Amino acid sequence: MEKRSFRRLGRTVGVVGLGAWQLGADWGQVSEADAHATLQAAVDSGVTFIDTADVYGDGRSEQIIGSFLADHPDLTVFTKMGRRLPQEPANYHLDNFRAWTDRSRANLGVDTLDLVQLHCPPTAVFSSDEVYDALDTLVEEKRIAAYGVSVEKVDEALAAIARPGVASVQIILNAFRLKPLERVLPAAAEAGVGIIARVPLASGLLSGRYDESTTFGADDHRNYNRHGEAFDVGETFSGVDFRVGLEAVGRLRPLVPAGATMAQFALRWIIDQPGVTAVIPGARNPEQARANAAAADLTPLPPESREMITAVYDELIRPQVHDKW
């Protein structure tokens, strides 16, 4: 698999990683055995980078990855912190950071976390000198090797990129979220900040496997958060109305190369974007993990495919999402 560099971290990773939210919660139940099989399938397919968070299953995702990491010490694992307490700027201070990272270190079974990301905190946090001073202290104490941020909004990403200690920005980027292409990716590339593309399949919409009759379980955020009832609505289907998303997928489907899936096509579009370091599709089973990794083997998409994605976005998606995040 092609490798790309997190320049400020001094580490390279496979361009397709694994997002481990599904191994924790909010996507239906995944057994520990299935989670381990999924992790193994990803590694066997060339994945070297896993992204998780301390709140995925209240630590379950980290714990599963930790037990797997014991036999795969060369894997790069990024985690996230900051959503274990109410989302108030006052909660983002050194004592909490120490407690949260100590818990993640224990869950993952490591002395030093490869990188910890602030997990979509309130916007005010991104401009706080005290927050970045506290993160620098965690590096000095060797609790973490480096830090980054996960963001909801473009302006939050740009604020973080301007900070010299930020190694990575994780942002929603997919064929239904083109706004980061305008300013975030160029700014990150110039600064040497890694870009992690999250929600790459728009919660599965861009997999092409759903239709108007598709239903989701009561414990699946694509059911209970469709209108932002539990957390930011942009995390579910990238904030796109489900029916509109289905129409957009229908228009893009003829562009999928022979022998590829709709999901692989969508992932390859992200890989092709200048400035992207890694994309982190989730997987609930080994088949999905292998198929996602195979997107890295596709040849870059032709200009006409990229132009059509932009045209569909401008007509159907832009009015719903572009100015919100």
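A: Valine 116 in S6 is the bridge partner of threonine 79. This is a predicted model, in which local features need pLDDT of at least 70 and side-chain atom pairs count only at pLDDT 80 or more, while totals for chains, interfaces and linings use all residues. Residues are numbered from 1 along each chain as its sequence is written, and side-chain values use heavy atoms, with hydrogens and water left out.

Threonine 79 belongs to strand S5, which covers residues 76-81. Strands (E, at least two residues) and helices (H or I, at least four) are DSSP runs, numbered from the N terminus. S5 pairs with strand S6 (residues 115-119) in the parallel sense, over 4 bridges; two strands pair if DSSP finds at least two bridges between them. From S5 the chain crosses through helix H3 (residues 94-108) to S6, and this β-α-β crossover is right-handed. Right-handed means that, with the strands pointing away from the viewer, the path from the first strand over the helix to the second runs clockwise.

S5 also pairs with strand S4 (residues 49-51), again in the parallel sense, over 3 bridges. Here phenylalanine 49 stands opposite threonine 76 in S5. S4, helix H2 (residues 60-69) and S5 make a right-handed β-α-β unit.

In it, 8 strands form an open sheet with parallel pairing, in the order S3-S4-S5-S6-S7-S8-S9-S10. Strand S3 (18-19) and strand S10 (278-279) are the edge strands, each pairing on one side only. Elsewhere in the order, strand S7 (residues 147-150) runs parallel to strand S8 (residues 166-172), and 4 bridges join them. Tyrosine 147 stands opposite valine 166 in S8.

Alanine 289, in helix H10 (residues 286-294), is buried, with a relative accessible area of 4%. Alanine 289 and leucine 18 are 271 residues apart in sequence, but 7.6 Å apart in space, C-alpha to C-alpha. Not counting residues up to four places away in sequence, alanine 289 touches Thr38, Ala41, Ala42 and Ala283, where contact means heavy atoms within 4.5 Å.

Notes: Buried means under 20% relative accessible area, exposed over 50%, partly exposed in between (1.4 Å probe, protein chains only).
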